[in-house]
Amino acid sequence: MKSVLDQWIKEKHGISDREGIVRWQTEKVKAMFAYICEKSPFYRKRFKDCESPRDLESFSKLPFLSDEDLRRDGLKMLCVSQGEIERVVTLQTSGTAGRPKRLYFTGEDLELTVDFFCHGMGQIVAPGEKTAVFLPSSAEDSVGKLLLKGLKRRKVIGYGPGPVEDPQASLQLLLREHIHAFVGTPLQALALAEHAKAEHVSLNLKNILVSTDYLADSVRKRIEDGLECRVFNHFGMTETGLGGALECCCRKGMHIRENDLLMEVIDPSDGKAVPDGKEGELVLTTLTRKGMPLIRYRTGDRAVLDHSRCGCGSYLTRIVKTGGRIQGAVSDGKRSVDMAALDEVLFSIDGLLDYGVEYKRKEQRFLFHLVFLGETGGKIRLARQLLEEQFMKKDGVEFELTWETVESWNPQYKGKRYIRCR
Ligand SMILES: [Zn+2]
């Protein structure tokens, strides 16, 4: 079965092939260029010496937008009056001094997200079935609220308990209500899988959608084994309008909602496009947002694209790999270590619920703190062996391990997970 996004885009815009979406994106970047130059003082100044793009090729020559631009000039990027803004999302980035980053959305912009959620969730759950949303949903127009709105439109019965804090209580909800699917972060799902296994709880789950954080293959496998269901990955960030790209039944990459978003991958060192299959920095353009459109915004996230036709038959470009933040990698001069690679290795250990990692620059030493559910047995030795083999031994990098065993998941990070540097 083709990606549900193909069906959605066909119904919404009458587009059913690659040529059609390229034509659509070309028209949108031309129209967007004219719109932002008319409405936004920031973009007018930024593009004063640039010609209007004729096609996607000339569009890809326009200057990039940086994180710093957003922090400094976010308000000047608005293309509508502030009264038309319905939601402002403030993002504080760890370790960066100064102003936070703010993203502004009109009601129409939020509607694009709800529409994507409504149709995208068709990959996971059918009308009449039940879905729990373990994402923040207390604030109006928060990601959880918008997702619940999309589910309701799809006639799916939604539950919005908020993020998993007590895995036993979340399992009880899934069990009691005979819930068919849930949406959460990879580590929330992993905690539920480990608790379900330990307590011999058998659920009615069919599919799970994970988002927000990097999904390691090892984590996916353990969730699927523990909860006896399929895991689908989703990529999104506030800048993409929360929804971004979604796996199809082939689960070999996430199809981008290319009717709303244009994604490029560039070499971060020289800004040039990299070919399919090669990792680089993800660059985002919003094609349909009205409040604060983003043009060639450097996300700081690593990704690999594939433009070829998917096994499901879809023509939509896929993000076949993500790898977390470019600046999140720690380099000791010889090689770099990042959280995504550590996740792949460490989460292959059964019973590991979470871990924290710190890098002491002066001593060039990593400190790992591992959190296990139940007995550790020989798992500490295994962790040491895996880290030595994969990362540390041949380059002489030092590390220390500490660990704890818990009866309930004890998250090591609030929000994004990263290597803490001291
Ligand atoms: Zn596909």
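**Helix α1**

I began with helix α1, residues 4–13, in this predicted model. I looked up which of its residues are buried, and found Val4, Leu5, Asp6 and Ile9. Next I asked what covers these buried residues, and noted that the cover includes α6 (107–120), β8 and β9 (254–256). After α1 comes Gly14, and I read its phi as positive, near 70 degrees.

**Lys30**

I then moved to Lys30, which sits in helix α2, residues 18–39.

Setting aside neighbours within four places in sequence, I have Ser52 and Pro53 in contact with Lys30. For a distance, I took Lys30 and Ala139, which are 109 residues apart in sequence. From C-alpha to C-alpha, Lys30 and Ala139 are 35 Å apart in space.

**Domains**

I wrote down three domains for the chain. Domain 1 comprises 4–111 + 244–328, domain 2 is 124–235, and domain 3 is 330–421. I noted that the C-alpha centres of domain 1 and domain 2 lie 27 Å apart. Their contact draws twelve residues from domain 1 and seven residues from domain 2.

Which elements give two or more residues to the side of domain 1 that touches domain 2? I listed β1 (85–91), β8 (245–247) and β13 (318–325). I sorted the residues of that side of domain 1 by type and got five nonpolar, three polar and four charged.

**Helices α8 and α9**

I read that two packed helices are described by the angle between their axes and the distance between the axes. I looked up both values for α8 (residues 167–176) and α9 (residues 186–198). Their axes come within 9 Å and cross at roughly 80 degrees. Angles from 65 to 115 degrees count as roughly perpendicular, and therefore I call α8 and α9 roughly perpendicular to each other.

I then wrote down the residues that meet. From α8 I have Pro167, Gln168, Ser170 and Leu171, and from α9 I have Ala191, Leu192, His195 and Ala196. The residues of this contact divide into five nonpolar, three polar and no charged.

I counted Thr212 as buried because it has 23 C-beta neighbours inside 10 Å.

Where is Arg296 placed? I found Arg296 in the loop between β11 (280–286) and β12 (297–306). With 20 C-beta neighbours inside 10 Å, Arg296 counts as buried.

**The whole chain**

Last, I looked at the chain as a whole and noted twelve helices and 19 strands. Its radius of gyration is 22 Å, close to the 22 Å that the globule rule gives for 422 residues, so I recorded the chain as being as compact as a globular protein of that length. Along its principal axes the C-alpha trace spans about 65 × 55 × 40 Å. Buried residues make up 42% of the 422 residues. Among contacts with a separation of 6 or more, 65% are between residues 24 or more positions apart.

Key
Residues numbered from 1 in each chain as written. Predicted model: local features only at pLDDT ≥ 70, side-chain atom pairs only at ≥ 80, totals over all residues. Domains from an automatic or database assignment. Contact = placed C-beta atoms within 7 Å. Helix = DSSP H or I, 4+ residues; strand = E, 2+ residues; numbered from the N terminus. Nonpolar A, V, L, I, M, F, W, Y, C, P; charged D, E, K, R; others polar. Buried ≥ 20, exposed ≤ 12 C-beta atoms within 10 Å, placed from the backbone. Axes fitted to C-alpha atoms, helices over the stretch in contact; angles between N-to-C directions. Parallel < 35°, antiparallel > 145°, perpendicular 65-115°, else oblique. Rg over C-alpha atoms; globule rule 2.2 N^0.38 Å.
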